[in-house]
Amino acid sequence: MGPLAGAMRGACWAVPVCLLGTASSGAQEIIELPAQDRWLEPDFEEVYRIGSLSGEDWEQFGSVYEVAFDGAGQLYVLDSQATMITVVGPDGEFRRTLGGPGEGPGEFRRALALAVLRDGRVVVGDAGLFVYHLFDASGEFERRVRWAIEGERPILRAIIPDPGGEAVFSAVGAGFRSMSYKGDTRPHTSRPVERIDLTGEVVTRDTVVEGWLPEGGESLYTGLPQVKAFGSRMLWGVLPGGSVAFSDSTAYAIRIARPDEGVWRILRRPLRPVPVTGPMIRAEKDRLRKRSEGLSPAIRRFENERIDTLPFSDEVAILRALRTGWDGEIWVQRHGEEPIDDSGPIDVLTMDGRYLGSYRAGAVDMPAAFGPDGLAAFIETDELDVRTVVVRRLSAR
């Protein structure tokens with residue numbers, strides 16, 4: 001149990017859950033969480049920060065793309081510009097680097113995904129070579145696992161390690177794991193979360209759950225159906241034991257699913273999505289057109305045509321981000337005062353159905369990664385667009 005959840009275990013406002021019923025398809029527990037916010041103070045202890053133009057050579061990152069912790073509290077920083085991973089010890093000291101540009105063993109062409117298993121083994125998704133690179137806990141390259149699915153070109157991003165090891169999880173609609181490349185469109189009809197087994201020479205995939213895909217679908221290609229503005233996103237994370245927590249609708253509902261079992265618990269807050277109005281649509285289209293003003297005339301004309309036909313959801317999706325903590329806490333971020341604002345309050349829940357409280361909008365950013373013993377990594381960008389990784393410890397209360 002994490003520091004925050006553990007400290008609030010006996011608190012009087014750790015709201016009791018209420019079992020409303022079960023689905024006829026089998027043990028689907030629905031837990032209603034309170035509607036009223038209970039505010040938390042983000043008094044986190046800063047442990048260290050890395051990333052500076054005037055710092056050590058090893059911390060002058062080109063572009064911090066992803067970060068992750070292992071079970072020993074070491075931090076792994078994927079620099080997509082340098083095509084390299086930097087490993088930092090629990091006190092912020094340099095340990096080693098992994099990878100580098102190239103096509104040889106242990107080298108990356110286009111590293112876009114990082115997952116670190118709790119024992120320190122590392123998985124890197126390479127969107128240039130269409131492989132997963134595997135490294136052992138000491139940083140030595142072990143092998144590659146190929147993506148060899150007929151009719152798909154992998155993008156290999158947005159992966160989360162399986163707490164049991166030997167696999168990662170990925171989701172269509174949350175970073176777009178793959179797409180068709182043989183000339184047909186074949187749009188996805190759902191947003192599957194999959195467990196990708198890495199024990200062989202070629203990946204094998206098992207679907208954990210099929211997330212809901214709104215009418216219109218999702219596509220990376222212009223000309224195909226687009227994601228509806230203000231609509232639901234596929235938000236997800238992996239919990240201890242290998243369950244998946246995800247949100248796929250405009251409502252406040254966190255579904256928890258197990259491999260081979262499907263959804264077995266739903267956490268809900270009685271917060272209603274805001275209807276999308278004509279003024280909202282006009283304001284969003286004006287904002288997008290203004291953003292395209294610096295583009296070339298040809299690209300701007302193309303972008304304005306896209307904006308003119310942009311589909312909109314009937315409701316503004318409540319949830320905008322979801323992360324799962326090391327010990328099973330679920331952090332979910334709501335939208336802010338405006339429909340386009342992704343930086344609203346952040347709620348902290350537990351997988352067993354308790355609401356621990358919320359951080360006010362702007363009080364704290366969503367962590368980029370969680371680690372053991374309350375560690376959390378945040379990626380900050382300064383006025384020179386230099387990215388710094390700040391590691392803090394979530395305080396026990």
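User: Which residue stands opposite V87 in β6?
Analyst: R96 does. This is a predicted model, where local features need pLDDT of at least 70, side-chain atom pairs count only at pLDDT 80 or more, and totals for chains, interfaces and linings use all residues. Residues are numbered from 1 along each chain as its sequence is written, and side-chain values use heavy atoms, without hydrogens and water.

User: How many bridges pair β5 and β6?
Analyst: β5 (residues 84-88) and β6 pair antiparallel over 5 bridges. Strands are DSSP runs of E, at least two residues, numbered from the N terminus. Two of them pair if DSSP finds at least two bridges between them.

User: What is the strand order in that open sheet of 4 strands?
Analyst: The order is β3-β4-β5-β6, with antiparallel pairing. β3 (64-69) and β6 (94-99) each have a single partner strand, so one side of each lacks a neighbour in the sheet.

User: New topic. Where is D347?
Analyst: D347 lies in strand β25 (residues 346-350).

User: Is D347 buried or exposed?
Analyst: Buried, at 0% relative accessible area. Buried means under 20%, exposed over 50%, partly exposed in between (1.4 Å probe, protein chains only).

User: Which side chains make polar contacts with the D347 side chain?
Analyst: Y252 does, at 2.8 Å. S358 does too, at 2.6 Å. A polar contact is a pair of N or O atoms within 3.5 Å; within protein, one must be able to donate a hydrogen and the other to accept it, and residues adjacent in sequence count only if both atoms are side-chain atoms.

User: And what stands opposite H133?
Analyst: R144 in β10.
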